[in-house]
Amino acid sequence: MKPQTDLIDLHTHSTCSDGTMTPSNLVDHARNSGLKVIALTDHDTVAGTAEAVAQGRLRGIEVIPGIEVSAWHDGVSMHILGYWLRPDDEQLLARLARLQEARHVRNLRIVENLQRLGIAISMEELQQEAGGGQLGRPHIARLLVAKKIVRHADQAFALYLRRGAVAYAERFKYKADEAIAMIREAGGLAVLAHPALLDSSLRTIPALVASLAGVGLAGIEVYYPSHSPKAIRQLRDLAASRNLLATGGSDFHGEAAGRGFPGLTGKKFRVPYQLYESLKNEWRKQNGEEPA
């Protein structure tokens with residue numbers, strides 16, 4: 001087993017999207033847990049990256065400025081992770097503003113749908129739940145739990161919030177090729193997030209990856225808590241066959257969310273440090289720098 005200083009997590013969230021820790025607190029928690037590198041990959045926003053990177057410098061842990069962009073391809077909803085993109089890129093921020101407005105409109109529609117069902121809920125309550133961060137369905141789920149409408153967040157999604165449920169509302173998302181271009185044009189690397197959540201059999205994933213690799217996809221999130229050992233092997237082989245990077249992360253949203261950092265939860269799930277090194281070297285090459 002590698003020392004804890006080699007622990008990394010390339011998929012985390014803060015209160016700037018649907019995590020429960022501020023960017024600084026997230027970095028502190030990662031450093032105190034023995035991690036050497038994390039990526040902050042909030043949903044459709046880079047609002048927390050400057051704070052997280054600065055806190056990382058103070059605490060002696062590398063923080064990769066990242067994002068998780070909502071997208072779709074051939075009618076399938078998915079997420080594209082971005083690494084080392086410029087958080088002050090004006091074109092990036094303008095594109096993200098469209099996603100954030102779409103989230104706001106969707107939140108209003110969901111609240112209206114819940115109210116029609118006789119559930120007492122308001123946008124003001126949701127804003128308090130989010131604590132100033134970007135509102136999303138996880139905040140609505142937490143509020144429904146707090147109001148004892150449901151027992152837990154999974155039940156809130158099953159009954160009210162997932163696609164096809166009674167309170168669900170659609171929202172605008174970029175096509176996957178547009179999301180990849182957005183990340184690349186801001187200097188970042190684009191990676192397909194948690195493929196086995198899109199298709200647990202993985203039968204459709206090779207064709208999806210082939211299509212996205214043709215428009216600039218740089219990697220696949222191979223290591224993920226719910227990926228089985230068999231899925232990890234298949235995805236690792238797929239990445240190698242396409243000359244793509246393999247990445248991994250916990251999708252950490254906070255300890256209360258029930259998912260800890262890799263290597264620290266008593267489970268075998270961990271993300272090899274070499275993946276970070278390969279990722280950074282590819283980013284350097286993409287931006288005209290010599291690999292380390």
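This is a predicted model: local features need pLDDT of at least 70, side-chain atom pairs count only at pLDDT 80 or more; totals for chains, interfaces and linings use all residues.
Domain 1 is built from two segments of the protein chain, 7–95 and 175–287, whereas domain 2 spans 100–161. Between the C-alpha centres of domain 1 and domain 2 there is a distance of 26 Å. To the contact, domain 1 contributes 10 residues and domain 2 contributes 8 residues.

The area buried between domain 1 and domain 2 comes to about 630 Å², and carbon and sulfur atoms account for 33% of this. On the domain 1 side, the residues that lose the most area to domain 2 are Ser17, Asp18 and Asp44, which together make up 51% of what that side buries.

Asp44 also takes part in a salt bridge, with Arg103 as its partner and 2.9 Å between the closest N and O atoms. Across the interface of the two domains, the rule finds 1 salt bridge.

Turning to the structure as a whole, the model holds 9 salt bridges. One of the pairs that meet in a salt bridge is Asp28 with Arg59, whose side chains come to 3.0 Å, N to O. This pair ties together distant parts of the chain, with 31 residues separating the two partners. Asp28 belongs to helix α1 (residues 23–32), and Arg59 belongs to helix α2 (residues 49–59).

Finally, a word on confidence. The protein chain has a mean pLDDT of 93, and 94% of its residues reach 70 or more. Residues 1–5 have pLDDT below 50, and in the model this stretch makes 10 contacts beyond near neighbours in sequence.

Key:
Residues are numbered from 1 along each chain as its sequence is written. Side-chain values use heavy atoms; hydrogens and water are left out. Domain bounds come from an automatic or database domain assignment. Contact means heavy atoms within 4.5 Å. Buried area is the accessible area (1.4 Å probe) that two parts lose on being put together, summed over both. A salt bridge is a side-chain nitrogen of Lys or Arg within 4 Å of a carboxyl oxygen of Asp or Glu. pLDDT is the predictor's confidence in each residue, from 0 to 100. Helices (H or I, at least four residues) and strands (E, at least two) are DSSP runs, numbered from the N terminus.
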